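Subject: Structure for you to look at

Dear colleague,

I am handing over the structure below, together with some notes on what was found in it. Please keep it open beside you while you read.

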Amino acid sequence: MTDIQKTMCDILEAESKAVASIPYTEDYNRAVELIVDQVWNKHGKLITSGMGKAGQIAMNIATTFSSTGIPSVFLHPSEAQHGDLGIIQENDAMLLLSNSGKTREIIELVSLAKNMNPNLEIIVLTGNKDSELAKISDACLWTGNASEVCPLGLTPTTSTTLMTVIGDILVVNVMRTTGFTKEMYAMRHHGGYLGKVSRGEK
């Protein structure tokens, strides 16, 4: 077995175990209910945010939600301080990603957002369930904080995998709760392979 092959097997095993070990809490129910109530029922939108790699995952989650019936936008936490905070409206909800739960820009974003809308509901996805960010959330989704597979233990690797999976968990459960159909999906997908498949075309 080559070194690359062994490393590959080790990484697959480590990340598979990390995904399988994501702890369930009642906050998952709360997060799904919150998104459905604020966005689907009250016609608000979901605002996702994160810095760095977590921000890229937050952006992906927003686009996936938008395609499945939950209008969502990504708000860069730094740009929020330069006017983009104006995107926040009544009945919106926020999904914030921070593995450490200590990201300064995200904590500042919560304060600024709450100033705009004191009733804004906050969902936090983090590897630190005891962090400041977790404590000020309405629902905290803990990743389990598995070690990064990066040999330095620093580069976001396992943590971003867990965030992506939890995003999928939220999207799928919201779809099931709202009864989102293939016909609804087709209305949002006019181009590409998925658009054709959703319309029953070959």
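Strand S1 (residues 46–50) is largely enclosed by the rest of the structure, because five of its five residues are buried, where buried means under 20% relative accessible area, exposed means over 50% and partly exposed lies in between (1.4 Å probe, protein chains only). Helices and strands are DSSP runs numbered from the N terminus, a helix being H or I with at least four residues and a strand being E with at least two. This is a predicted model, in which local features need pLDDT of at least 70 and side-chain atom pairs count only at pLDDT 80 or more, while totals for chains, interfaces and linings use all residues. Residues are numbered from 1 along each chain as its sequence is written, and side-chain values use heavy atoms, with hydrogens and water left out.

In a regular strand the side chains alternate between the two faces of the sheet. In S1, Leu46, Thr48 and Gly50 point one way and Ile47 and Ser49 the other way, and all are buried. S1 pairs in the parallel sense with strand S2 (residues 72–74) over three bridges, and Leu46 stands opposite Ser72 in S2; two strands count as paired if DSSP finds at least two bridges between them. S1 also runs parallel to S3, to which five bridges join it, and there Thr48 stands opposite Leu95. Together with helix H3 (residues 52–67), S1 and S2 make a right-handed β-α-β unit, right-handed meaning that, with the strands pointing away from the viewer, the path from the first strand over the helix to the second runs clockwise.

Next come the charged residues. A salt bridge is a side-chain nitrogen of Lys or Arg within 4 Å of a carboxyl oxygen of Asp or Glu, and by this rule the count comes to seven salt bridges. One of them joins Lys45 and Asp92, whose closest N and O atoms are 2.8 Å apart. Lys45 lies in the loop between helix H2 (26–41) and S1, and Asp92 in the loop between H4 and S3, so the pair ties together parts that are 47 residues apart in sequence. Both Lys45 and Asp92 are buried. Asp10 and Lys6 also meet in a salt bridge (2.9 Å, N to O); being four residues apart in helix H1, Asp10 and Lys6 are separated by about one helical turn.

Which buried residue has no salt bridge? It is Glu15, whose nearest side chain of opposite charge, Lys53, is 13 Å away, with Lys and Arg counted as positive, Asp and Glu as negative, and His and the chain ends not counted. The side chain of Glu15, a residue of helix H1 (residues 3–20), does make a polar contact of 3.0 Å with the side chain of Thr161. A polar contact is a pair of N or O atoms within 3.5 Å; within protein, one must be able to donate a hydrogen and the other to accept it, and residues adjacent in sequence count only if both atoms are side-chain atoms.

Finally, most residues other than glycine have a negative phi.

Best wishes
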